[in-house]
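Student: Hi, I have a model open and would like to talk it through. Could you help me read it?

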Amino acid sequence: GGAVGGPIGAGVGAVAGAVSGGFAGKGAAEALNPTVEHEYWRSEFENRPYFTRGTPYEQYGPAYQFGWESRERYRDMNFEDVEAQLEGEWETRRKQSKLSWNHAKNAVGDAWQRVEKNCESDRCSA
């Protein structure tokens, strides 16, 4: 742990800033708080079944962000319906992540599902 303004808070801010530029649409920015999402996933990613021991959050962060932003862009579709398209987009959206699509897709899908679940509770009204 640590103070909000300490090294952990600074790391979250750095990752959020590093991966947020470029492909966040207006709708995604209004519906979700990227800092909150990165904080959630930073605290959760090591508990996920696809987590590879020793892989830092900075490798997973872009995949989570790609997932929640893609859910906003394809809001009327299921993840499975656009997975092939997302695979093609991953190469240009991955930022500093070295995760292959086969590894990143689980994190992308996780973030997609989290947004979908939160939107069902009317948090993400357009």
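Student: Let's start just after helix 5: what does Lys 95 do there with its phi?

Tutor: Lys 95 takes a positive phi of about 50°, although it is not a glycine. Helices here are DSSP runs of H or I with at least four residues, strands are runs of E with at least two, and both are numbered from the N terminus. One note on the source: this is a predicted model, so local features need pLDDT of at least 70 and side-chain atom pairs count only at pLDDT 80 or more, while totals for chains, interfaces and linings use all residues. Residues are numbered from 1 along each chain as its sequence is written, and side-chain values use heavy atoms, with hydrogens and water left out.

Student: Why point out a positive phi?

Tutor: Because most residues other than glycine have a negative phi.

Student: Where does Lys 95 lie, then, and is it buried or exposed or in between?

Tutor: Lys 95 lies in the loop between helix 5 and helix 6. Its relative accessible area is 37%, so it is partly exposed. The cut-offs are under 20% relative accessible area for buried and over 50% for exposed, with partly exposed in between, using a 1.4 Å probe and protein chains only.

Student: Back to helix 5. How far apart are its end C-alpha atoms?

Tutor: They are only 17 Å apart for 15 residues, short of the 21 Å that a straight helix would reach at 1.5 Å a residue. The expected span is 1.5 Å times one less than the number of residues.

Student: Where does helix 5 bend?

Tutor: At Gln 85, by about 40°. That bend is the angle between axes fitted to the seven residues ending there and the seven starting there.

Student: Which residues of helix 5 are buried?

Tutor: Phe 79, Val 82, Leu 86, Glu 89, Trp 90 and Arg 93.

Student: What else does Glu 89 touch?

Tutor: Leaving aside neighbours within four places in sequence, Glu 89 is in contact with Phe 66, Arg 73 and Tyr 74. Contact means heavy atoms within 4.5 Å.

Student: New topic: which residues touch the most other members of the largest nonpolar core?

Tutor: Trp 41, Tyr 60, Tyr 64, Trp 68, Leu 86, Trp 90 and Val 108, out of 25 residues. A nonpolar core is a set of buried Ala, Val, Leu, Ile, Met, Phe, Trp, Tyr and Cys residues joined through side-chain atoms within 4.5 Å. Helix 4, helix 5 and helix 6 each give two or more residues to this core, and the largest share, eight residues, comes from helix 6.

Student: Last one: how many helices and strands does the chain have?

Tutor: Six helices and zero strands. Buried residues make up 44% of the 126 residues.
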